[in-house]
Amino acid sequence: MTKLEQIEKSVAQLDPKELEAFSLWFEEFQAERWDRQIEKDDAEGKFDRLAEEALTEFRAGKTRSL
């Protein structure tokens, strides 16, 4: 049995209160991983091109108010 299968089996056996606690923990875990990845990508300049494109379009009047 793989680790994933073991985890799936364990999660399936949680009672509703435990499942809710696990779900909240996992959601926070994923959010923290996402934040770290965004920070890493930003530090590496991966958003620079997209930001410049957006500013160029804004300066050229190609945007509209939300």
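Colleague: What makes F22, W25, F26 and F29 a cluster?

Modeller: In this predicted model, ring pairs link F22, W25, F26 and F29 together. The count of aromatic pairs comes to five.

Colleague: Why is the pair of F22 and F26 called stacked?

Modeller: Rings pair if their centres lie within 6.5 Å, and planes under 30 degrees apart count as stacked. The ring centres of F22 and F26 are 5.9 Å apart and their planes are at 15 degrees, so the pair is stacked. Both residues lie in helix α2, four residues apart, about one turn of the helix.

Colleague: What makes F26 and F29 a stacked pair?

Modeller: Their separation is 6.0 Å from centre to centre, with 25 degrees between the planes. The limits are 6.5 Å for pairing and under 30 degrees for stacking, so F26 and F29 form a stacked aromatic pair. Being three residues apart in helix α2, F26 and F29 are separated by about one helical turn.

Colleague: Which label do F26 and F29 receive?

Modeller: F26 has a relative accessible area of 33% and is therefore partly exposed. F29, at 31% relative accessibility, also counts as partly exposed.

Colleague: Which residues make the nonpolar surface patch?

Modeller: W25, F26 and F29 make a nonpolar surface patch of about 290 Å². A residue in a patch must have over 30% relative accessible area.

Colleague: Let us turn to the charged side chains. How many salt bridges does the structure hold?

Modeller: The structure holds five salt bridges.

Colleague: Why is D41 called buried, and which label does K46 receive?

Modeller: D41 has 13% relative accessibility; because the limit for buried is under 20%, D41 counts as buried. K46, at 48% relative accessibility, counts as partly exposed, because exposed would require over 50%.

Colleague: Where does D41 lie, and which residues is D41 in contact with beyond its neighbours within four places in sequence?

Modeller: D41 lies in helix α2, which covers residues 16-43. Leaving those neighbours aside, D41 is in contact with K46 and F47.

Colleague: How do you know that E44 and K46 meet in a salt bridge?

Modeller: The N to O distance between their side chains is 3.4 Å, and the limit is 4 Å; therefore E44 and K46 meet in a salt bridge. E44 has a relative accessible area of 45%, so E44 is partly exposed.

Colleague: What makes E52 and R59 a salt bridge?

Modeller: The N to O distance for E52 and R59 is 3.8 Å, which is within the limit of 4 Å. E52, at 41% relative accessibility, counts as partly exposed, whereas R59, at 60%, counts as exposed.

Colleague: Where is D15 found, and how far is D15 from K40?

Modeller: D15 is found in the loop between α1 (3-12) and α2, and D15 counts as partly exposed at 36% relative accessibility. The C-alpha atoms of D15 and K40 are separated by 37 Å, the two residues being 25 residues apart along the chain.

Colleague: Finally, where in the chain is confidence lowest, and where is it highest?

Modeller: Confidence is lowest in helix α3 (residues 48-59), at a mean of 96, and highest in α2, at 98. The mean pLDDT of the chain is 96, and 100% of its residues reach 70 or more.

How values were computed. Residues are numbered from 1 along each chain as its sequence is written. This is a predicted model: local features need pLDDT of at least 70, side-chain atom pairs count only at pLDDT 80 or more; totals for chains, interfaces and linings use all residues. Side-chain values use heavy atoms; hydrogens and water are left out. Helices (H or I, at least four residues) and strands (E, at least two) are DSSP runs, numbered from the N terminus. Buried means under 20% relative accessible area, exposed over 50%, partly exposed in between (1.4 Å probe, protein chains only). Contact means heavy atoms within 4.5 Å. Rings of Phe, Tyr and Trp (its six-membered ring) pair if their centres lie within 6.5 Å; planes under 30 degrees apart count as stacked, over 60 as edge-to-face and the rest as tilted. Patches are made of residues with over 30% relative accessible area and no salt bridge: like charges are joined within 9 Å, nonpolar side chains (Val, Leu, Ile, Met, Phe, Trp, Tyr) within 5 Å. Accessible areas come from the Shrake-Rupley method with a 1.4 Å probe; for residues, only the protein chains shown count as cover. pLDDT is the predictor's confidence in each residue, from 0 to 100.
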